[in-house]
Amino acid sequence: MTETIARPPRYIAYVPLTDLTPAPRNPKRHQLELLIDAIRMHGLVEVPVADERTQCVLHGHGRREALIEMQNRGMPLPGGVVLDEDGGWLVPILRGWSSRSHAEAEALAIKLNRLPGQGGWDPREFAAVLEDLATGDAELFDSLAIPHDEIDKLLGQVDPETLPGGLREDEPPTLHLPDDNDHEDGLSPDDVRAAHTTSCPACGHLFNTGR
């Protein structure tokens, strides 16, 4: 059952992109191109948050910058964003929260950026999800932009003996001896490919670490 609240304490409102004022201080850095690519692919899903006291963006500075850049580049209107009568971009923001001071606003801004990642990842579940993405939709897997050393570290935390199809820790990898078709560096084609991949202990899928 859905209930309608006459005056909800939090609500979504659409405002002109040009009206989104950044906070006076924002120490969070952003990888703008990754944000642009995510919004282009999925639309604007996580909306910026406004501080009613300051009338500034509390959370979502990176999304604000990404949307401004997308509009400047003439990119298509992303999902979740609408046009006003003059063709300007109207962006959904979460409204209704008001800080008691600049200190509280800055403290909450830091929490909203840091706390979601503090729990880390379950290596086993994460490896399974990465495997499904890598084998089922390469574009989505590539869009994660996870550095290969991070994938190596993650997969290194998974115990192969607990996963179906995984290698036992006491089984050394097979090294293919050079043959008549060796590359100039003395390695067989299989070894050259292996040098640029990471094997998932869950199923043996080779992730291309050169991504």
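**A working chat about the predicted model**

Visitor: Histidine 61: buried or exposed?
Guide: Buried, because its relative accessibility is 7%. The cut-offs are under 20% relative accessible area for buried, over 50% for exposed, and partly exposed in between, with a 1.4 Å probe and protein chains only.

Visitor: What sort of model is this?
Guide: A predicted one: local features need pLDDT of at least 70, side-chain atom pairs count only at pLDDT 80 or more, and totals for chains, interfaces and linings use all residues. Residues are numbered from 1 along each chain as its sequence is written, and side-chain values use heavy atoms, with hydrogens and water left out.

Visitor: Back to histidine 61. Where is it, and what is it in contact with?
Guide: Histidine 61 sits in helix α2. Setting aside neighbours within four places in sequence, its contacts are Pro22, Ala23, Asn26 and His30. Contact means heavy atoms within 4.5 Å.

Visitor: Now the overall layout. How many helices and strands?
Guide: There are 7 helices and 7 strands. Both are DSSP runs, numbered from the N terminus: helices are H or I with at least four residues, strands are E with at least two. From the N terminus the order is β-α-β-β-α-β-β-α-α-α-α-α-β-β.

Visitor: What share of the protein is buried?
Guide: 28% of its 211 residues.

Visitor: And what share of the contacts is between residues 24 or more positions apart?
Guide: 67%, taken over contacts with a separation of 6 or more.

Visitor: Which residues have the most contacts inside the largest nonpolar core?
Guide: Leu20, Leu67, Met70 and Val91, in a core of 16 residues. A nonpolar core here is a set of buried Ala, Val, Leu, Ile, Met, Phe, Trp, Tyr and Cys residues, joined through side-chain atoms within 4.5 Å.

Visitor: What is valine 91 in contact with?
Guide: Ala13, Tyr14, Val15, Leu17, Leu20, Leu44, Pro48, Leu67 and Val81, leaving aside neighbours within four places in sequence. Another core, of 10 residues, lies apart from the largest one, and Phe126, Leu154, Leu155 and Val158 are among its members.

Visitor: Tell me about tyrosine 14. Where does it sit?
Guide: In strand β1. Tyrosine 14 is partly exposed, because its relative accessible area is 43%. Tyrosine 14 and valine 91 are 77 residues apart in sequence, yet 5.1 Å apart in space, C-alpha to C-alpha. Tyrosine 14 touches Gly80, Val82, Leu90, Val91 and Pro92, not counting residues up to four places away.

Visitor: And tyrosine 11? What does it touch?
Guide: Glu52, Ile93, Leu94, Arg95 and Gly96, again not counting residues up to four places away in sequence. Tyrosine 11 belongs to strand β1 (residues 11-16). Its relative accessible area is 36%, so tyrosine 11 is partly exposed.

Visitor: What is the lining like by class?
Guide: It has 16 nonpolar, 13 polar and 6 charged residues. Ala, Val, Leu, Ile, Met, Phe, Trp, Tyr, Cys and Pro count as nonpolar, Asp, Glu, Lys and Arg as charged, and the others, Gly among them, as polar.

Visitor: How many aromatic pairs?
Guide: The count is 1. Tryptophan 121 and phenylalanine 126 are stacked, 4.4 Å centre to centre with 15 degrees between the planes. Rings of Phe, Tyr and Trp (its six-membered ring) pair if their centres lie within 6.5 Å; planes under 30 degrees apart are stacked, over 60 edge-to-face, the rest tilted. Tryptophan 121 is exposed, at 62% relative accessible area, whereas phenylalanine 126 is buried, at 14%.

Visitor: Last one. Where is glutamine 55?
Guide: In the loop between β2 (49-51) and β3.
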